[in-house]
Amino acid sequence: MGAITEAMARAARARGARIETRASVARVLIEDGRALGVELESGRRIPARVVVANVNPKLLYLRTIEPGQLAPEIRAHLQRSGCGSASFRMNVALSELPRASPFCQHFAPELPAGRDWDHARDEVVNLIIDTVTEYAPNFRRALVACSALTPMDLERRFGLTGGDIFHGALGLEQMWAARPVLGFGD
Ligand SMILES: Cc1cc2nc3c(=O)[nH]c(=O)nc-3n(C[C@H](O)[C@H](O)[C@H](O)COP(=O)(O)OP(=O)(O)OC[C@H]3O[C@@H](n4cnc5c(N)ncnc54)[C@H](O)[C@@H]3O)c2cc1C
């Protein structure tokens, strides 16, 4: 973890919290419309008075809550809601400082014509390098090595649905009180 999250973890532990990592939640246990805990992918159940989640709402409501446990209109709304601010992350090793720095965003999480990100990665890496080189002419020449995470990689590694770092596209219809669903923003 980074320094800020390490500090948050220390502060939480000092107040009695127990933190478990590598403990994927398979489903939220619900009875009579009330969350009673979670079941991990290992099968272990953790009972709780309250369940709080910070994952993408699509992940929470559509993958870890069984369809019958959710009001159909909320489920339909979440199925329609979009994840679209997908990031394409690159780490580059350079032999000299570039004359600009890139943060690449608004890549479509789903590609047209049935293409997938695993087959588009190299093409997009080169597109980004060429684009940056237009503004920072020494960029391609200075490149020693690079690693790249496509929106698909970000979803697989970090649970960022569609590679969306905002857990839902930041369109007017999905902001503020409309997150995760209008009427349930509180
Ligand atoms: C490449 C990149 C660069 C960024 N740069 C910046 C920046 O410069 N500045 C900035 O402010 N923000 C930046 N962000 C955004 C920032 O990282 C996110 O907005 C922030 O992490 C969101 O925090 P969160 O707690 O809501 O969700 P997350 O950090 O996504 O946390 C959700 C956690 O839930 C876990 N999880 C998923 N599914 C399950 C499951 N079934 N069971 C248990 N756990 C699960 C995930 O592993 C993850 O650890 C960046 C993001 C990316 C990907």
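Is Arg140 buried, partly exposed or exposed? Arg140 is partly exposed, with a relative accessible area of 35%; here buried means under 20% relative accessible area, exposed over 50%, and partly exposed in between (1.4 Å probe, protein chains only).

1. Basis. This is a predicted model, in which local features need pLDDT of at least 70 and side-chain atom pairs count only at pLDDT 80 or more, while totals for chains, interfaces and linings use all residues. Residues are numbered from 1 along each chain as its sequence is written, and side-chain values use heavy atoms, with hydrogens and water left out.

2. Domains. The chain is assigned domain 1 (3–81 + 170–178) and domain 2 (89–163); such bounds come from an automatic or database domain assignment. Between the C-alpha centres of domain 1 and domain 2 the distance is 30 Å.

3. Ligand shell. Around the ligand are Ala23, Ser24, Val25, Asn54, Val55, Arg89, Phe103, Phe158, Leu160, Ile165 and His167, where a residue is near a molecule if one of its heavy atoms lies within 4 Å of it. Seven of the shell residues are nonpolar, three polar and one charged. In this division Ala, Val, Leu, Ile, Met, Phe, Trp, Tyr, Cys and Pro count as nonpolar, Asp, Glu, Lys and Arg as charged, and the others, Gly among them, as polar. Because domain 1 and domain 2 both give residues to the shell, the ligand lies between them.

4. Asn54 places a polar side-chain atom 2.6 Å from a ligand oxygen atom. Val25 has a polar backbone atom 2.7 Å from a nitrogen atom of the ligand, and a backbone N or O atom of Ile165 is 3.2 Å from a ligand oxygen atom. The ligand taken alone exposes 1000 Å², of which the protein buries 49%; the areas come from the Shrake-Rupley method with a 1.4 Å probe, and for residues only the protein chains shown count as cover.

5. Salt bridges between elements. The count is 13 salt bridges, each a side-chain nitrogen of Lys or Arg within 4 Å of a carboxyl oxygen of Asp or Glu. One of them joins the side chains of Glu96 and Arg141 (3.1 Å, N to O). Glu96 lies in the loop between strand E4 (89–94) and helix H4 (117–135) and Arg141 in helix H5 (residues 139–142), so this pair ties together parts that are 45 residues apart in sequence. Helices (H or I, at least four residues) and strands (E, at least two) are DSSP runs, numbered from the N terminus. Glu96 is partly exposed at 34%, and Arg141 is exposed at 60%.

6. Asp130 and Arg140. Their side chains also form a salt bridge (3.1 Å, N to O). With Asp130 in helix H4 and Arg140 in helix H5, the pair ties together parts 10 residues apart in sequence. Asp130 is partly exposed at 39% relative accessibility.

7. Other salt bridges. Arg156 and Asp153 meet at 2.9 Å (N to O); they are three residues apart in helix H6 (residues 151–158), about one helical turn. Asp153 is buried, at 9%. Arg27, Glu39, Arg45 and Glu66 are linked in a salt-bridge network.

8. Gln174. This residue is in the segment after H6 and is buried at 11% relative accessibility. A polar side-chain atom of Gln174 lies 3.0 Å from the backbone oxygen of Ala169.

Technical notes. A polar contact is a pair of N or O atoms within 3.5 Å; within protein, one must be able to donate a hydrogen and the other to accept it, and residues adjacent in sequence count only if both atoms are side-chain atoms.
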